[in-house]
Amino acid sequence: IQYTSLNPNFRTISPNNVAPPPPTTVNSSTTQSFPQTSIKPTGQYRAYSPQHFYQNRILDQYASQSINPITLRQLIVFGRNLTEERIIKSGNYVRSELPVRIAHRIRDFQNLPFIVGTNPHLARVYDLYWLAFERLRKIPPIRTIEENNEWCETIKNLLKDHLVVIPQLAMGIMECSEHLSGEQIDRFMNTMLRSRISRRVLAEQQIALTENWHDPGYSYDQSENDGWIGVISTHCEAKEVVEKCAKMTRSFYKTYYNVEPPQVLVDGQVDTTFAYIPDHIEYIIYELLKNSIRGVIEKHSPSILSTSQSPSKQMLESSQLFPSITVTVCSGPTDLYFRVSDQGGGIPDKLYPYIWSFASKSNDKKILHKFTNFSKVPQMAARVEEYERHIVPPDLSLGIGLPMSKVYAEYWGGGLNIYSLDGYGVDAYVKITKLGNRTENLV
Ligand code: COI
C-alpha cells in the first residue's frame, strides 16, 4: 500500500528528514491500531515493510525499560557543585533516559485507534517522536566535555523542533474526539504532556548546567548567582511570581478590551521564597489570572461582549472600576499555596465538570474560551501560544490552559483545585511542594 501525505505542509519543517505520514484513506474499523510507521528519509513508505518490523523491534527494547524518575531536590543537589565529571555523568543520564521516555510515548500513539492515527496533526507529532527517538538512541556514550557540548546542541535542536507539539496534539485530539472516549483522551493527553515536561526538564537542565559550567562569571555560591541552578531557581519569590504574571495579563487585557483591568492584590505570606522551575509556576499563575481578569471584566461589563468580534474597538467608560482579584500566599511546613480569588461570576454549573478535560467538543470549546486562553505571553505559555497561532484557526480556542496548568501543578507533587460559586466568582488553589522531594509525576 502506498501512502501519501495528508497534510500538504507536512514536509516543510525538515524536508529531507521527516518520516512519511500515515495513510490518506481510512476504510478500516476504529479498533485497528495506529499504523506503525518507520522512519525513512525519503519518499513514500510501505507500512509493514521489513524495515518497519526491524524498527519496532528496536522500539520494544526501549519501551520495555522503565524510566528513572528524579526529584527537584536531586537536580538541585547535583547541580550545586559541578565538576566536569559530574556534567558528563548527568549528560549520560539524560542520554539514556530520553530515548526510553520517548519510546513509551511512541507506543501510546501506536495503541490509538487506527483512524485517530490518520489525523495529520497527530501524525506529525508521531513522526517527530520517531525522528527524535532515532536520533537520541544513536548517540554514543559521552566521554568528554566536548562530546557533552555536541550533545547539548543536539537536544537544543530537538527542543526547537518539538515546540509545535502541544498545539498539534490538542488540535489533533479535538478533531478526533468522536473516535475516543473522554477518559481515553484525557489519559492520552495527560500522559503525553507529563512525559513531554519530563523530557524537556532533563534536556533544558543539562543545557543550562553546561552553560553555567562554561560561563566564567558563574558562581556556585548560591548567594552570588541569585539562587539559579540550571533552570531551577532556589529563591523564587512568591510575590514576584504573582506580580510578574499580573503585569502581563493586565497589560494584555488593557489593550484587548480598552479598559483598566481589575487590580491584582497579593496578601498573606508574601515574602515566601521557594525552590522551583519558575517557568512552571508562572505558567499556572498566568493561566489562572487570565481566566480571572477576563471573567471579572466580562461579568461587570457585559456590554463588552455584545460586539465581540473586535472587542478592542469597544470604548468603555475608562473610569469603570472592577472588583480586585486577590492572590493569597500561604506557606505551610511542607507546602506552599496560592489562592486566586475573583468575582468574575464563577463557572456555570453545566461547564464545571469539564474544566479539567482535554476532551470538550468544539462547541464547548467556544464557550470555554471565556475561561481559557489566547494572547502572547512569557516563557512556557508564549512558546505554546506562538505555535498555536500557526496551527489553530483564529476563531478557535484550544481550551487547554486549565488542564495544562493542572499537569504542571501535579508534576512535582503539587496540585490545582478550583471552587466555583456560580454567579459570583472562583477560588483557585495551587499547591506547590516546598521540599522538592517528590519524584516527577509521570502517571
Ligand atoms: C519534546 O519536547 O517533546 C521532547 O521530547 C524534547 C526532547 C527530545 C529533547
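**View 1. R199 reaches the ligand.** In this predicted model, a polar side-chain atom of R199 sits 2.6 Å from an oxygen atom of the ligand, a polar contact (a pair of N or O atoms within 3.5 Å). R200 also takes part, with a side-chain N or O atom 2.5 Å from a ligand oxygen. On its own the ligand has 280 Å² of accessible area, and the protein covers 100% of it (Shrake-Rupley method, 1.4 Å probe).

Residues are numbered from 1 along each chain as its sequence is written. Because the model is predicted, local features need pLDDT of at least 70 and side-chain atom pairs pLDDT 80 or more, while totals for chains, interfaces and linings use all residues, and side-chain values use heavy atoms, without hydrogens and water.

**View 2. Meet the shell around the ligand.** I102, Y129, L158, L159, H162, R196, R199, R200 and A203 surround the ligand, each with a heavy atom within 4 Å of it. Five of these shell residues are nonpolar, one is polar and three are charged. Helix α8 (182-214) and helix α6 (145-161) each bring at least two shell residues; the largest share, four residues, belongs to α8. Helices here are DSSP runs (H or I, at least four residues).

View 3. Side chains of opposite charge can pair when their charged atoms come close. Here E211 pairs with K156, their closest N and O atoms 3.7 Å apart, in a salt bridge (Lys or Arg side-chain nitrogen within 4 Å of an Asp or Glu carboxyl oxygen). This pair connects distant parts of the chain, with E211 in α8 and K156 in α6, 55 residues apart. The structure holds 17 salt bridges.

Note on methods
Polar contact = N/O pair within 3.5 Å; in protein donor to acceptor, adjacent residues only side chain to side chain. Nonpolar A, V, L, I, M, F, W, Y, C, P; charged D, E, K, R; others polar.
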